[in-house]
Amino acid sequence: MPLSESERVQNTGPAGRAPMAGHVVRLLGRYLWLQVVLSLLAASALIMLLFPERSFASVLVRTAVTSVGAIAVLVARRRKERRAAGGSADDLVSLDLRLRNGEVPEAPEERRAMRDLVAQRLHRTRHRRTALVLLGVLFGGLTVLTALTRDARQSIGFGVLTVVFVGWMAYQGKVQDRRLRTMWAALGDDGPEGRSG
């Protein structure tokens with residue numbers, strides 16, 4: 001028997017996530033500015049741990065200024081994804097939750113929106129392995145420079161950050177790619193190459 005909309009919202013998904021995780025994902029997906037603010041605060045706190053001699057206000061301002069390009073890319077990407085999902089942030093959040101839980105839409109318009117969203121993400125992440133290698137080289141180089149110019153505590157901290165961050169990015173990239181390819185196959189299309197150009 002198919003689930004009602006309220007039952008689908010309460011569904012914790014195959015991983016058995018608590019409903020609270022779904023609320024957090026929904027909240028962050030709906031309000032992009034909240035993602036940006038939390039990311040800036042987390043990055044600033046991390047920098048303060050590594051370089052405690054700086055003031056938090058100066059670190060926060062510097063982090064915000066250096067993140068302008070990344071924020072612009074994030075906003076542009078979100079706008080494209082929202083258009084693919086049907087035009088609203090709620091549509092995008094709904095499709096994203098279904099993608100995370102592996103729920104294949106049944107309504108034709110939702111299937112079309114999901115197919116467009118998945119094709120867009122597969123196209124955007126087609127060079128993820130190369131990007132991951134470059135990220136590893138960049139962080140590795142910064143770790144070496146930190147070891148040469150800073151004390152042991154900062155060098156170790158940056159080394160741990162490099163391993164954790166690059167490892168997390170590799171893991172998340174693999175998980176996302178598997179989700180996207182599984183959904184693409186479930187939607188019954190030939191592949192993303194023809195649609196994504």
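**Figure 1. Overview of the protein chain.** Of its 197 residues, 28% count as buried. The model shown is predicted. The protein chain contains ten helices and zero strands, so its elements read α-α-α-α-α-α-α-α-α-α from the N terminus on. Where contacts link residues at least 6 apart in sequence, 62% of them join residues at least 24 apart. The accessible surface of the protein chain amounts to about 12400 Å², and carbon and sulfur atoms account for 64% of that surface.

**Figure 2. The packing of helix α6 against helix α9.** Two packed helices are described by the angle between their axes and the distance between the axes. Helix α6 spans residues 89–101 and helix α9 spans residues 152–187. Their axes come within 9 Å and cross at roughly 95 degrees; α6 and α9 are therefore roughly perpendicular to each other. On the α6 side, the contact involves Arg98, Leu99 and Arg100, which meet Arg179, Leu180 and Met183 of α9. Sorted by class, the residues of this contact comprise three nonpolar, no polar and three charged.

**Figure 3. The packing of helix α6 against helix α7.** The axes of α6 and α7 lie 11 Å apart, and the helices pack at an angle of about 75 degrees. Because this angle falls within the range of 65 to 115 degrees, α6 and α7 are roughly perpendicular to each other. From α6, the residues Leu92, Leu95, Asp96, Arg98 and Leu99 take part; they meet Glu110, Ala113, Met114, Leu117, Val118 and Arg121 in α7. The contact of α6 with α7 has seven nonpolar, four charged and no polar residues.

**Figure 4. The largest nonpolar core.** This core has 14 residues. Those with the most contacts inside the core are Leu95, Leu99, Met114, Val118 and Met183. At least two residues of the core are supplied by each of α6, α7 (108–124) and α9. The largest share, six residues, comes from α7.

Figure 5. Which residues does Leu95 touch, not counting residues up to four places away in sequence? They are Ala85, Glu110, Ala113, Met114 and Leu117.

Terms used. Residues numbered from 1 in each chain as written. Predicted model: local features only at pLDDT ≥ 70, side-chain atom pairs only at ≥ 80, totals over all residues. Heavy atoms only, no water. Axes fitted to C-alpha atoms, helices over the stretch in contact; angles between N-to-C directions. Helix = DSSP H or I, 4+ residues; strand = E, 2+ residues; numbered from the N terminus. Parallel < 35°, antiparallel > 145°, perpendicular 65-115°, else oblique. Contact = heavy atoms within 4.5 Å. Nonpolar A, V, L, I, M, F, W, Y, C, P; charged D, E, K, R; others polar. Core = buried A, V, L, I, M, F, W, Y, C linked by side-chain atoms within 4.5 Å. Buried < 20%, exposed > 50% of the residue type's maximum accessible area, 1.4 Å probe, protein only. Areas by Shrake-Rupley, 256 points an atom, 1.4 Å probe, with all protein chains shown as cover.
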